[in-house]
Every structure is written in C-alpha cells, then in structure tokens.
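Here is a short briefing to read with the model open beside you. It covers the nonpolar cores and one of the chain-to-chain contacts.

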Number of protein chains: 4
Amino acid sequence: MRTGVWLVGARGSVATTSIVGGLALRAGLAGPTGCVTELPELRGPALPAFADLVFGGHDVATTPLCKRAEALATAGVLPGRLVAALPDELAAVEEELRPAPGVGSQAERAAAIVRDLTDFRDRHRLDRVVVVNVSATEPTATAHPAHADPATLRDALTGPDEVLPASSLYAYAALTAGCPYVDFTPSTGARLPALHTLAVERGLPYAGHDGKTGETLVKSVLAPMFAMRHLTVRSWSGINLLGGGDGANLADPAANAAKVESKQRVLGETLGYVPQGGTRIDYVEELGDFKTAWDLITFSGFLGTGMRMEFTWHGCDSALAAPLVLDLARLTAAAHAAGRVGPLTDLAFFFKDPLGSPTHSLGEQWTRLAEFTRALHTGRESADGQAG
Amino acid sequence: MRTGVWLVGARGSVATTSIVGGLALRAGLAGPTGCVTELPELRGPALPAFADLVFGGHDVATTPLCKRAEALATAGVLPGRLVAALPDELAAVEEELRPAPGVGSQAERAAAIVRDLTDFRDRHRLDRVVVVNVSATEPTATAHPAHADPATLRDALTGPDEVLPASSLYAYAALTAGCPYVDFTPSTGARLPALHTLAVERGLPYAGHDGKTGETLVKSVLAPMFAMRHLTVRSWSGINLLGGGDGANLADPAANAAKVESKQRVLGETLGYVPQGGTRIDYVEELGDFKTAWDLITFSGFLGTGMRMEFTWHGCDSALAAPLVLDLARLTAAAHAAGRVGPLTDLAFFFKDPLGSPTHSLGEQWTRLAEFTRALHTGRESADGQAG
Amino acid sequence: MRTGVWLVGARGSVATTSIVGGLALRAGLAGPTGCVTELPELRGPALPAFADLVFGGHDVATTPLCKRAEALATAGVLPGRLVAALPDELAAVEEELRPAPGVGSQAERAAAIVRDLTDFRDRHRLDRVVVVNVSATEPTATAHPAHADPATLRDALTGPDEVLPASSLYAYAALTAGCPYVDFTPSTGARLPALHTLAVERGLPYAGHDGKTGETLVKSVLAPMFAMRHLTVRSWSGINLLGGGDGANLADPAANAAKVESKQRVLGETLGYVPQGGTRIDYVEELGDFKTAWDLITFSGFLGTGMRMEFTWHGCDSALAAPLVLDLARLTAAAHAAGRVGPLTDLAFFFKDPLGSPTHSLGEQWTRLAEFTRALHTGRESADGQAG
Amino acid sequence: MRTGVWLVGARGSVATTSIVGGLALRAGLAGPTGCVTELPELRGPALPAFADLVFGGHDVATTPLCKRAEALATAGVLPGRLVAALPDELAAVEEELRPAPGVGSQAERAAAIVRDLTDFRDRHRLDRVVVVNVSATEPTATAHPAHADPATLRDALTGPDEVLPASSLYAYAALTAGCPYVDFTPSTGARLPALHTLAVERGLPYAGHDGKTGETLVKSVLAPMFAMRHLTVRSWSGINLLGGGDGANLADPAANAAKVESKQRVLGETLGYVPQGGTRIDYVEELGDFKTAWDLITFSGFLGTGMRMEFTWHGCDSALAAPLVLDLARLTAAAHAAGRVGPLTDLAFFFKDPLGSPTHSLGEQWTRLAEFTRALHTGRESADGQAG
C-alpha cells in the first residue's frame, strides 16, 4: 500500500523532522520511539509500512531541506549522523517539494495545488496521498457566507476575495484531488460546513486539530486524575516559553488566542467547570526548538484543605510532533482504504482540540484509538465509522 | 444499612480527619470533596449513607480525639469551625475508642480485639463493621511457618512468639469476628495465606494495600502517558519530604524500604522496564502534616531526542487519605453485603500496591472500579466477584 | 522619640499587617522576624523603639480595621490569636484613621490631608510623623508642566485639573506638613522636580520606590551571582500569579507596565545587558494574599555550554512587606532627626526601583544600608548625606 | 610569566574541559565566559596570560585526551568544532601527561611525582608550575600521627603504610618540588599540619577546597538573602542527581558524607543556626555530565507566616568547573610570584569549603577576592597576606 505523505509547510521543523525520521526508519537507522502506531496495541497489517511512505510537500520558504535538517541537528533536535547518512534520500524528497502557489485567484491556486498532488500520486504510482498541514498557525479566520456549501464556495473562490484561510484552501484542494486531509495545527483546515460536505461527497476522511505534543498532553492526564479523585481544581495557570518559528508566530496575540483557547478547553470539558487562571505564551528566541512550560495547579481536598501541584515540561516540539505526523498519515491512509468518511473522531488521542470528541481524557481517547485500529486491522466497522 | 467503621490507629491524623469529616458530612457541615463514591459514576443505593456510619477504633496512644482534632485544625489540615461545631459527636466517638491490647499472648490479644469488635457491633446494632488499618507503617515482617494455614496459625498464636505483625493480628481478629478488613498502609495486613484462607472460610472480603494519596497518584497517570506515547523514560528520580508521624517512622530505613519498593513497582509494571533512578523519603519535621514530593523524569522521543519533566506535589496526606478511608469503608461494606469474598481487586484505584491487580494505570483502575460499583448497585455479579 | 506612622491606604492588607504587627511587637506578643532594623548590624539607639510608634492613616475604604485583621487571620496572613489579643489597641488605631479627602480642588484636598497630619502630630505630641504610601499601584502618570517647581505646582492645584496623581498629592501634603515621605509602591510619589525641591526647602528626607518583597528580591541576589561568575544570562522569563487586591489592580495593563518595567531594570543594570524574556503578571483571585512567582533562567558557561535554572517563590506579600514598612518608618524618622534631606538613596536595599541608586545588588545595598545606619547611631554624617 | 598547570586527574572531564578551553582561549577560538579573572574588577597585569599557560598532568586512566574530548563533545559539554580545530595542540598536551605512580612506598611515589613536575618545569622553562587536584573525591581520610610535622611525615612515608591519602601525597610532592597546590575537590589535600608547615617552610601558597560549581553556589547567595532580610529559614532540603564519573563515586556513602557536610556548612555558618533538612546525592547514570539539583526552602516571616521557595539547577559541572580551574591557576601563580605563603583564604569565592574563611556569603567573598587581586596588580600587600 504505497502511501504519499504530502506536507503543507514541508520545510518547517516538524516536517523536516518527520521526513528525516521517516527516511531513517525506512533505512533501519532509527527505532520507532514516539510512534504510537508501533505499540503492540495498535500495530497491524492495515497500516502502510514506513517503507511504503513517500514524502512531498508545499512550502513558501525555499531553504534546501538538507540545510534545514543540518540546522535541526545543530540545535539538538536530530542526531547529525542521521542527516549525514541520508544525503541521497533527502535529495530525492527535495525533488518532490513544490513552492506554495502564491498568485492568482484562490480557485487558480487551488487548481495548482490539485495538479501538484495528482502529479505526485501519478509519478510515484501511489495508492493514495494523505495531506498533512504542519505549517505555521494562522490567526483566527473570519467567517464568509461561501463557507456554507461546496457549490457556493467553488463560485466564490474564483473572485478576488481571500475567501478561505490558507489551511482551508489546502484542505479544499486535497479533497478535490481525492486526498484525505489532516490538520496538525489549530488553524481552520477542514472545519467548515462546505468542506465537510465536500469530504462526504468524495468519500474522504479528515482529521484534526492541533497536535497534542506538550503541556496539553500532560493536562489531558492530570485533569482526569483530579476529576477521578473528586478533588476541586481551584486554579490552573501556566506559561509556555518557546523559541522556534511557531513561537514568534504565537506571540502574535491573534494566533495566541486560538491556541490558548484550545488549551483551556481540555480543562473545562474534563472537570465540568472552568478553574481560575489561564495560559500565557511567550516567545523567547534563545530557547530554539525547545519549549518550556510551567503550570501551577491549586486544588482543594476533603473539608476544603488547600493543596498545590506544579510541573515543568521541557520538550522539543518537533521531536514530539514528527512521529505523530507519521502515525496520523498511516492511520488516515488505512481509514481511507477501509472506506471511512468524514471526521475521524477516534483519532482524538492526537489532538488538543479534537474533531467532535466527547472526551479530553487521554486514557479514554487511547481506548477509542485502540478499538478503531483493531477494527481497521480486522476489517470490521468501528462503532461510529461509516462505509464509503 | 448501619455500618461500623473501626479504625486501627484511631487517634492518628488520618483516622481523626476521617472521623471529623464523616461527622461533618452527616451533619451537613461539609461537602464530599475528595470522596470518590460521591461522583456520579459511582454513587448509588448499594453504599451505606454517610449518616449510617458509626466510628470506633483502637489506638496505643491516649490523646483525646478532640485534642488531636484541634491540633489538626491548628496545622491547617481541618477547618477549626468544624471541630468547634461537633463537640458532642466527637465525645460520642471518644466513648467508642479502646486501648490497643498490649499484654498476653497474641491469641489473648486477638481475643480482646474480637471482643471489642463484637461489643461495638452489638451495642450499636450494626449490620456489619469494616476494620480499616490506618496505623503507622510497620517494618517489613519476617516470615513464619505458621503463616501457611489458619489451623497452624491459631496454634502458634498461643505460644510466646510474635508470630504475626500487628497489622496481621488485627486482620486475623477482624476476620475471626466476621468483619471485612481494609489495609490502607503498606504493612502486611491480610496478605498471608492463612489469612486469605480464613477470609474465604468466613465469606469475608478484604482490600489493600497502601493508600495512593500523593506522588504515586501522579505517577499512575504520568507513567501511562509516557507509555501510550511510546516515549522512553530514561530516568525517574524523586524525593519525598514529609513531616507527620509517619514521616519519622518512614525515615527508618526498614519501613522506608517497604514504601519505596511499592512506589517503584508502579513504574516497572506500567512501562514494561524499570528506568534509572529511585525515590528518597526524608523526614523534615517542620513540614507537619504536609508533604512535598519532587520528581524529575528524563525521557527520549523520536530519534533519541532528550527531554525532561519535573513536578512538585505539595499535599496534605491526611486530607487526601481521609475521604478514601470513608470510600473504602462504604465500598467494602457494600461488597460484603453483596456476598463478595476474598481480595477486592477491583479497588486497585485506591492503592499504591493493589492486591492482585494487573494494572497500575489510574484510568484502567477507574474503569474497573466503576464497573464493580455498578454491579453492586444493580445487584449483578462483577466479572471476578464470587458469591458467598 | 515618639514617632507617628501615617499610612496612605491604611485599611489595606499591607497596612493592616503592619499595624497589627507593630502593636504585637509593642505588647511583646510577637518577635521581630522580618524586621531588618532588629538585626545586630542595624540595631541601635538612633531608631525609635517599636513602643514609640503611633499609627494613623487615610483610606478610601471604610471596612473596620479589626474586620480586615480578622479576614487576614482567616487567610493565613496573620495569627488569629494576635488579632484576638489586641482589641483595644486596634480600636485605638481605628480612631486615628481618616477618610481620604475626595472632593474639592486638589489644593483643598491637600489642605485637608495636611490638617489630618498636623492634628495627629499635635494630638499625640509626636516628635515627627512619617507618611508611608502603601495604597494600590496607580497607572503610569501623565506629565504636567506644573510638576517643574513648587510655586507653579501650588498655583495649578487650585484649578480644576487633576495635576498630581494621588500618590504625589499625598507626598505634597506630607512635605507641606513637615513630614518625611516614603513610597512603598511603584507610583510616582515624590519623584517630581517640584516635590524634590519642596523636600529640600523644608529640610525633609524622602524614600522609595516599590518595596522589594518577592521575586525581585531573589533576582537581586541571583543576577549578581551570574555576573560575579562571568556566566552569560541568555534569557530570564517569569510569571507572577497573585490574588490580593493589588493583583486585580496589576492585571490592568497600565499598572502592570509600570511594575514589570521596574522588575526588569534590576537585570539590565546588574548584568550590563538585557537578556531575552520578560515578566508576566496574572491575577488569580483564589491565591488570595499569597503570590507564586516562577522564573526560568537560561545561561551559558564556558565554551558556550547551555544550562538553566528555575525557581518558584511562594510568598505572602503582606507578611513580607509589613516589617519593611516598620523598618522604613524607623529609619526615615531617624534620618529626619539626624537632619538628612532629600532622597535617602542608602535605603535602596528595600526597593525594586530605588531612588538614585547605582546598584541593584542586594549585597552592595546591604553594605550601604549598614553604613548609613551606623552613621545614624554614632551621629556621624554618612558619605552622601546632607545636613539640614 | 610562563606558567605550568599540572592537573591531577588530567584525563577526567573537568581537566579535559579545562585543557580544551585553555587551548581554545589561546587560539582565539573561544571567549572567556565563566572565567572570573577576565571580569573588569579582577583582570590585570599580575595574572599570567592564557597564552602563557602550559598544561600537563597525572592520571591513573590512559584514555587518550582527544578521545575524552570527543566524548565530551558528543555529550554536549564542549563544542565539537573546538576539538576538531585543535588536534596538534591536544597532541602536544598528550605528550605531557604521565601515568600516576602506583608502585613502591609512598616516599618512592612522591619522588616520582616530584621528578615529573621538575622535568616538566625544566623542559618548558616555566617560571612556576601550579598543581591542581581535579581527581575523583576520596573517602574521608583516617588520621595518622605522622600528619603532625614534616620530619615525621617524611620518615613515615618510607614505610609500608598508606600514610597519606592520594590527594595529600600529591600536595606533599608539589610542595617538595616548589609548586603551589590547589585542591578543587573535597579531599584532604594540603589540609594537614605537616603540609601546612612544609608550605610555609618552602614559601609556597596553597588553596582549596571543593570547587563551588552548582547548588552550593546558589546557596551562597540565597542564604545571605534570607539572613539580610531577617527571615527564619525553617528547613532547607535538597537532592542532587548526577551522572558523571564523580556521581558514581559520590553515591558511595563515605565520599557522599564528606560532600554533604561541606554543603550544609554554608547554611549553618551563614544563618547562625542549622535549619532542618539535608542534602541527598543520587547517581543517575543517564544524566551524564549534567547535574540536576532541587532544593526546597521553607521559611517564616513577620508574625510567623509560613512561606516557601524551590529551585532547580540544571548545570554541567565540567563546564562550570573548568574556567574556575584556569582562574585558580592564574591567581595562585600570581600569588606565588608576589611571595604569598600559606593558605590563600582570599580565594574563598571559589570553594564550597574554603580554607580558614570567615564567610560563606558570595558577595563578601567577592569583595575579598577583588581586594586580593587589586593588591596583586598594584604590588601592594593584601590585609592578611605574608611576604615570602
């Protein structure tokens, strides 16, 4: 099952790490640490092998992929020896990267993307291509009447307006080209009625939003812990210090707002109430690709006794995100092969702000993911799946 | 369903907090924060109401209960207004406390305990009495041939040897008196073949060991998080600073060893390997009834990138333990009423070192607890329960 | 040497704690922990005794002082037993509190303040009254031409404009009444040319700004540590979570800006360069009078090796500030008695943003404070003092 | 002023980092970050230039220096580019390393060391050689009557006993060869009456003990902060997790005891009382050359209000120690040139357990160091120096 992985933002840190890692796994130079789909509970025949993944993508930047990989090695994100061992493989992927279409109406740009996707699929004789958005977070998008249905949208795209935010234009093009779409960012992506309808019409699955890589991952196990113990969380405050490209971007209050909101949602939906406090995001360039998050939780127990917990998470976002990108590509490809259509709510495990998910508890998300994967491997329908 | 709660170590901090809290709940002066059995998923008709709980117990100490309660109020463990509002109720419990039998052979001491228990049950016309051990942690016990079966044990107890550690002598007496037994400490308690056989013969359930109140609670959600994400935990080191009575006791290397071992077991069994590092326990008198635990976790992700997490837990052990003592008394009473016999492995949620439990993941333990409780409420058998 | 301590914001947490503490010290019910002037290096005959301090003050609030004291006791800021032991003493101070003048031109309000101050001084036959501003932080003030000299200012105050921010109006009134003035807040206070000239004309000392109670105290020893070790601080980021009255006030971006700026100044002036990062202030009501600050410092050592340090400070601002208020009142009174005039730059030890200070290193500030105090005790001039 | 730097433990991490750093400074490939003697307050003509330092040393290990340097580069302690740029320079130092004499009586071994030192001095026509002990920490040494005076010692060394611990044997040989001696470890070194007398007889200075690189550095500024603020430190507890060679060594309880004791001394001598708590040292191999220390400080302020502070220090011991080794070599060489004799108590700034020092406050130690250095530069006597 030859599977294309088309990365939007293909020269960014997450994409570069995903590509180097995918190539290293194929070459047997690295193990699958961090790849959830290689755990005994999820592994199985329905997933494309790492060796079957072929990488391509769009980017507005033009830095050569091997330069980006070397920079990440210097920053401690990747082992330099892997980059040094894979020059031909990286050059081959470089050949598959395309500039992000930047001129013309949105319809024209979408058509260019569709062409790049179908050419890629044909050139490599791929069974399917999964498009994964790993580009920088967009500011919160503004509503537009054409978001309501595919026909109106198609029309509107031919006009001069920026009807769709970039993430949604890629989703539109992917679905038009018959490709499943995954949004690893908090951007709008496929979350518009017109795009949902389009996905259903084309028999395509989609997944998202916002990869759960750091502080929110921890929140998604600690908040259920407090809930299961019937302890009252009185405040939950935190700060995220981050230095990479997305850091500068998130320091922008508009993008920040989208991210912070998806972070706090986990608490309210898990606890049943929203504790005091909030999450700050600050850009500290010198931290590079690493991120330090600190959270303070004050809570009260029996008879009101006040207690507290703090944690510091010092993680490398790209190293945490990249294996999940590979996991999502494999799972979404398998879901497509199995005829799943529409939002893949069983992939909530991977996301801060999962599509249609009734739970933010990592444990419950894991149970659903394991069932979903088992169904794919055994060819059965999962509870809420739909046949194409 | 009038239910006795007989506390071994009845004048200690955990017991005093449990008693004041139980009385305050009965009087409507406090809410059930921290009581797991009051969560919507567990609440139900099979459990005795708080108003149906009657408290008694043994202790080697003689400090009046109200003095202990006032001291805990001064230390910030309890609100002083509750102690002030319940003078008659506390005096009534004081009447039900008995000195721990300290002279004669172990058989004679056991007989004295049995007498105290049956007198208590008769005097208050109780449907049953649950014995809960909340006394100080014992040093690791030494094996004795008489631990093998009830008959040999009964014989050996009449001799001059200290055949059983105190916790097991109380378990023996409880079972002999027809009372279910719960061990909230890491001590031996009912974990001896002779006592297991005795429990089965008498048709009694028992539960334990070692209430999961602080750092280990956090471990039991963080370790599964790393496992579910396929991240490799390279080291997990920590220190527990604690000041209460159990602190001085645990600073003793022998008791310390038992506690530390039950703490590390969570990691090995959840991760499938034992990371480097260990847990230290230090006594710092000035911390009083509060405990500060700090843990450092180093882990590696995709392609070996090193990352780290730290947490500090600042909790009040008595305030965390007391509602669980009430929960365990209610659940064990209901299990007894429903004819459950032998180790209550479905109560693993409450314990650092649960009896016969296949999992240390808090999420999975919660699922089992919810199923167990549902079965009690609906009168069905749970998967691994046995009718009396 | 009978000394009045007139608190602007007399019913606030800091003032109430200062008053209760001062009365408790006088009554021998508490020791001088936190009072720098009771250390062997500073103690001496030039300072008024605690027994010689008489409290009074202004406030816009009207909550009775004993109610505020009881609320602070409930919040864990003060021991309840002290409040209970001092009912008459607190009632006597209550008699000395006056409403903050709120109507009329600024000249009329200043005159009312002057009257309150001179009445207080006469009524108690005080040698002098030190006015200490402990009211809420003001937004950054706007400049006004009348700030340039006393005569222009006097004129302008009679008009309808709010020429002076409240803190400066109190400073103006204090100086007019012949009282030294101390500003414990980051507000403008006496930092205007007109008020400096007025102080010199009247032969009065003044001190400020912004009591150094928590995170900045730690910064003022850690930043010199990095400097003395020739380590390069690459980033210093932090967050302050605070719940008291000043918390809500500081969450206001305008006031926040003033506070944050005075916090960062310590770093730049000590290190000789400004590292990346900044300080956030967030209001979390539930933290009450306690404040939690977390800082992350990344630094590089020999050959560029990256390292890091974190600290969490969990302090009670009122308990940290109150003894310093007493210290400042005593020291400023002694300075006045010794004929010191103008800004007391030797009191930099106490302040985040000290008047005219060449150093932010706590150690160097301490050395200057000890020399200043020694000079007062021995009757000698200190290096930069001026005789009246 | 050509100066030899003879390192005992010359192939260890600290020594290797010192050598690579010294060579890189000489070659202009790195700046002097972390080198205290390059700060404006200390820099000056009395100190030998980096270009004048010549390295040599003893070690029991035989791993080539460039292998050790490459391993440190892989571990993130050194930039790999420096090691790659200095192959000839490292090879030249390799030529100057000698095996630690391991056979014969202690007198014979001392003679062999003396020969190595004098040969080194002659071969390079050095003005002097400073011997710096950076080998692994020894267990606490046992007393011996021959420690009392040089003559008895000389006699005893010819016998079969291990009269001196290794660090003292090196000190003895250094002094015999006319070389100043610096002990960067907590081992005994020159701290024996016989060796002090020998140093005075030969007109040689010596310095030590135990380089202040991490947690204790922080303690030496925080403890004075609490003292200057008259706050009562109630407990100070901590844990050190470390992975390097010294980690395994310090996990040995005997060596651990020596280290822990020198750490706690800072607190007692600075505060005037010893707070509760202690410091643990644990070996966690995976941390490699980095060390993580966590400390919890509980303290009480005005009227007894309880507060707390935590810090985590994540440092690279070798990177922190190496520039100090260069500093100490330069300062001790200058002191020798200026005729200083006996313990250099003005170098307390560098040590956890300084010789004869009356203060553990980093600020005061800095003041003394600056005065000492100024005296060297200007050719004046410092307060407690002695002319040769």
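Buried area is the accessible area, taken with a 1.4 Å probe, that two parts lose on being put together, summed over both. With that in hand, please keep in mind that this is a predicted model. Between chain D and chain C, about 4600 Å² is buried.

**The contact of chain D with chain C**
- Carbon and sulfur atoms give 72% of the area buried between these two chains.
- Chain D brings 60 residues to the contact, and chain C brings 60 residues as well.
- There are zero salt bridges between chain D and chain C, but 16 residue pairs are in polar contact across the interface.

**The side of chain D that touches chain C**
- At least two residues come from each of α1 (13-26), α9 (215-228), β9 (290-300), β10 (306-316), α12 (317-337) and α13 (362-378) of chain D.
- β10(D) gives the most to this side, with eleven residues.
- Sorted by class, this side of chain D holds 38 nonpolar, 17 polar and five charged residues.

**The nonpolar cores**
- The largest nonpolar core has 172 residues, and those touching the most other members are Leu222(A), Phe226(A), Trp313(A), Leu222(B), Phe226(B) and Trp313(B).
- Another core, of 170 residues, lies apart from the largest one, and its members include Val20(C), Leu65(C), Phe290(C) and Val134(D).

**A look at Phe226(A)**
- Leaving aside neighbours within four places in sequence, Phe226(A) is in contact with Trp313(B) of the other chain and, in chain A, with Leu231(A), Val233(A), Trp236(A), Leu271(A), Ile297(A), Phe299(A) and Met309(A).

Notes: Residues numbered from 1 in each chain as written. Chains lettered and ligands numbered in written order. Predicted model: local features only at pLDDT ≥ 70, side-chain atom pairs only at ≥ 80, totals over all residues. Heavy atoms only, no water. Core = buried A, V, L, I, M, F, W, Y, C linked by side-chain atoms within 4.5 Å. Buried < 20%, exposed > 50% of the residue type's maximum accessible area, 1.4 Å probe, protein only. Contact = heavy atoms within 4.5 Å. Salt bridge = Lys/Arg side-chain N within 4 Å of Asp/Glu carboxyl O. Polar contact = N/O pair within 3.5 Å; in protein donor to acceptor, adjacent residues only side chain to side chain. Helix = DSSP H or I, 4+ residues; strand = E, 2+ residues; numbered from the N terminus. Nonpolar A, V, L, I, M, F, W, Y, C, P; charged D, E, K, R; others polar.
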